[in-house]
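Subject: Structure handover

Hello,

Here is the structure you are taking over. My notes on what was found follow below.

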Amino acid sequence: MRTILITGQGGTGRTTVAAATALKAAREGTRTLVLTADRTDTLGAVLGVPTGPDPVEAAPGLTAWRPDAAARFRDDLTAFQQRATTALDLLGASRLDAEEVTPLPGAEELALLRALRDAALSDAYGLLVVDLPPAPQALALLSLPEELRRYLRRLLPPERQAARALRPVLGRLAGVPMPAEWLYETAARWDVELAAVQAVVEDRATTVRLVAEPGPAGADAVRTAATALALRGLPVDTLVANRVLPGATNDTWLAALAAQQRKALDEWQDTYDLHEVPHAGHDPRGPHDLAALPVPAVNTAPTPVEWPVTDRLADDGVLVWNIPLPGAIRDELDLVRRGDELVVTVGPFRRIVPLPSALRRCTVAGAALREGELRIRFAPDPGLWPRGER
């Protein structure tokens, strides 16, 4: 199943573009699901069909779904209280009733991730269109599965569970209680669920479609989002310039705004696969309005982001790891090696990535940012590389 993640500049009609994209694909014969996590039914208002916790048919071949974050949060908390009964009794804790639980910040995002996983595991759809929050929140959301799995592995290493028969003995020797079996089981279940979501996000058929209004603010938002998405290894297949004004007008104010938009569009044209959607003159509502929007078709052969390792041992004695980071600024870039991992920081964004196996036997010999690509040089460690391999 193809997955298109739609995000971008806030307040630029992302949900409208997501709905129009899904409707276009459905009308072309692809069974499509459009998914959102908005607490308010913005998607339903655009489609002209109310959406909610149960998937609804918004048009022939098109299903819309807005998961109920509050209900899922209540179910999760109730299940946790049941599993932690012994610990809560020891603490004298008073349990929360389901009726008094309200979702905490981030519950919508977690509900969206679970719905994304469930939709990907279903065979009912050929295309999944995900209406994500604005780019900063969307980037944090998309990084969540990978980061949470890393935290779980550090806090509750799976290999320690193998020694569960020894935990009572170890507890007596250490003088402190060891983690209970249910804690490891819960961590393992979370890891499986997060791995399923991570697999969807990192699938080679998953792409991102950025939506922005052309102009200075839109240019800044697109540049930041494109860099952060590249750091996550997520390809931007299309930049949708939404609400583009006509160039020819007798209104001086509109002419100045259109000229500002055209300047941004000319810059984007050289960098992105740009698609312009003209201003409709009103807020599109319903299938008729959405069908009139000339949104780009779904790319059936997406190009994944590659981080190749180039062998230059014969010429320069190094291996080069090439990491595309379009829009990155040298002064905002930082690299730290931690064992077999590399911590890459680009402005406010950070990712910890495992080194390819060949590079784990090397030392970092330098790095350079050129033409939107980070090139990290690794020199073989003589103590780890057999002489015949160098």
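Among contacts in the chain between residues at least 6 apart in sequence, what percentage join residues at least 24 apart? The figure is 68%, where a contact means heavy atoms within 4.5 Å.

Please keep in mind that this is a predicted model, in which local features need pLDDT of at least 70 and side-chain atom pairs count only at pLDDT 80 or more, while totals for chains, interfaces and linings use all residues. Residues are numbered from 1 along each chain as its sequence is written, and side-chain values use heavy atoms, with hydrogens and water left out.

The chain as a whole

There are 13 helices and 15 strands in the chain. These are DSSP runs numbered from the N terminus (helices: H or I, at least four residues; strands: E, at least two). The chain has 390 residues, and 42% of them count as buried. Buried means under 20% relative accessible area, exposed over 50%, and partly exposed in between, with a 1.4 Å probe and protein chains only.

Strand β15

Strand β15 covers residues 373-380, and its side chains alternate.

β15 pairs with β10 (residues 318-324) in the antiparallel sense over six bridges; two strands pair if DSSP finds at least two bridges between them. Within this pairing, W321 has I376 as its bridge partner in β15. β15 also pairs with β14 (residues 362-370), again in the antiparallel sense, over eight bridges. There, R370 has E373 as its bridge partner. The hairpin of β14 and β15 has two residues between the strands, and E371 takes a positive phi near 50 degrees in it.

Residue P354

P354 is in strand β13, residues 349-354. Why does P354 count as exposed? P354 counts as exposed because its relative accessibility is 54%. Leaving aside residues up to four places away in sequence, P354 touches W321, D340, E341 and R360. W321 is the residue with bridge partner I376 in β15. The C-alpha atoms of P354 and R337 are separated by 9.9 Å, and the two residues are 17 apart along the chain.

Regards
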